Amino acid sequence: MLTKLRTGMFLAFTTIAPLAAMAVEGEHGGDIQGPIATTKQGIATAITALVVFALVFAILGVKVWPAITAGLDERADKIKAEIEAAENARKQAKDALAQYEASLAQARAEAAKMIEQTKAQQSQLAAELRAKAEIELSAMRERAVKEIQQAKQSAVAELYTDATNLATMVAGKILKREINTQDQQRLVEESLGQLQGLRN
């Protein structure tokens, strides 16, 4: 752009210089120039100035101003394109941030859901284990009670048998004779009665 401006100014001066020289020659060829210019000399100077101004304006308007305008338009377009690119980049960054926040929120929701499911599974498993332990404990208690009852019954039966045998043997020695089944049954009942009385 500066080069074109210099070229325009050079063309203007190369065009104007001969005209100015011709005007000066005309002025010197006609009248003798004094300290104060005459009306004729002033008109010639004014015409020369107007011609020079018109030429410079025409050259600037034809050569320089379009170049300046084109340069300014090009720069404006470039700035506009950069602004649009920056706006697009900002919009993309905003969209990416929104997508990241949405993904983060979804991940947090899924994690919370998984934690809740895990807690529910743990509670259910604990309840199942507790119920199973209670069932096993009840079964063990029942087995223990049965075993105790069986042991008690066996001990009582063994005790009754030993007591009967002992009573039979003692009674046989006392009576010096064999006792029959009825005697044995009677002795057993008596022994049981005595034993029951001792227990009470």
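R90 forms a salt bridge with E87, and their closest N and O atoms are 2.6 Å apart. A salt bridge here is a side-chain nitrogen of Lys or Arg within 4 Å of a carboxyl oxygen of Asp or Glu. By this rule the count comes to 1 salt bridge. R90 and E87 both lie in helix 2. They are 3 residues apart, about one turn of the helix.

The model is predicted: local features need pLDDT of at least 70, side-chain atom pairs count only at pLDDT 80 or more, and totals for chains, interfaces and linings use all residues. Residues are numbered from 1 along each chain as its sequence is written, and side-chain values use heavy atoms, with hydrogens and water left out.

How exposed are the residues named here? Buried means under 20% relative accessible area, exposed over 50%, and partly exposed in between (1.4 Å probe, protein chains only).

| Residue | Relative accessible area | Class |
|---|---|---|
| R90 | 48% | partly exposed |
| E87 | 40% | partly exposed |
| M169 | 42% | partly exposed |

M169 sits in helix 2 (residues 39-175). Together with L166, V170 and I174, M169 makes a nonpolar surface patch of about 380 Å². Patches are made of residues with over 30% relative accessible area and no salt bridge; like charges are joined within 9 Å, nonpolar side chains (Val, Leu, Ile, Met, Phe, Trp, Tyr) within 5 Å. M169 can take part on the area count because its relative accessible area is 42%.

Now the aromatic rings. A search of the whole structure finds 1 aromatic pair. F53 and F57 form this pair, and it is stacked: 6.3 Å centre to centre, with 20 degrees between the planes. Rings of Phe, Tyr and Trp (its six-membered ring) pair if their centres lie within 6.5 Å; planes under 30 degrees apart count as stacked, over 60 as edge-to-face and the rest as tilted. F53 and F57 are 4 residues apart in helix 2, so about one helical turn separates them. F53 is exposed, and so is F57.

What is the overall fold pattern? Along the sequence, the chain reads α-α-α. It has 3 helices and 0 strands. Helices (H or I, at least four residues) and strands (E, at least two) are DSSP runs, numbered from the N terminus. Of the 200 residues of the chain, 10% count as buried.

Confidence comes last. pLDDT is the predictor's confidence in each residue, from 0 to 100. The chain has a mean pLDDT of 81, and 76% of its residues reach 70 or more.

Key
Areas by Shrake-Rupley, 256 points an atom, 1.4 Å probe, with all protein chains shown as cover.
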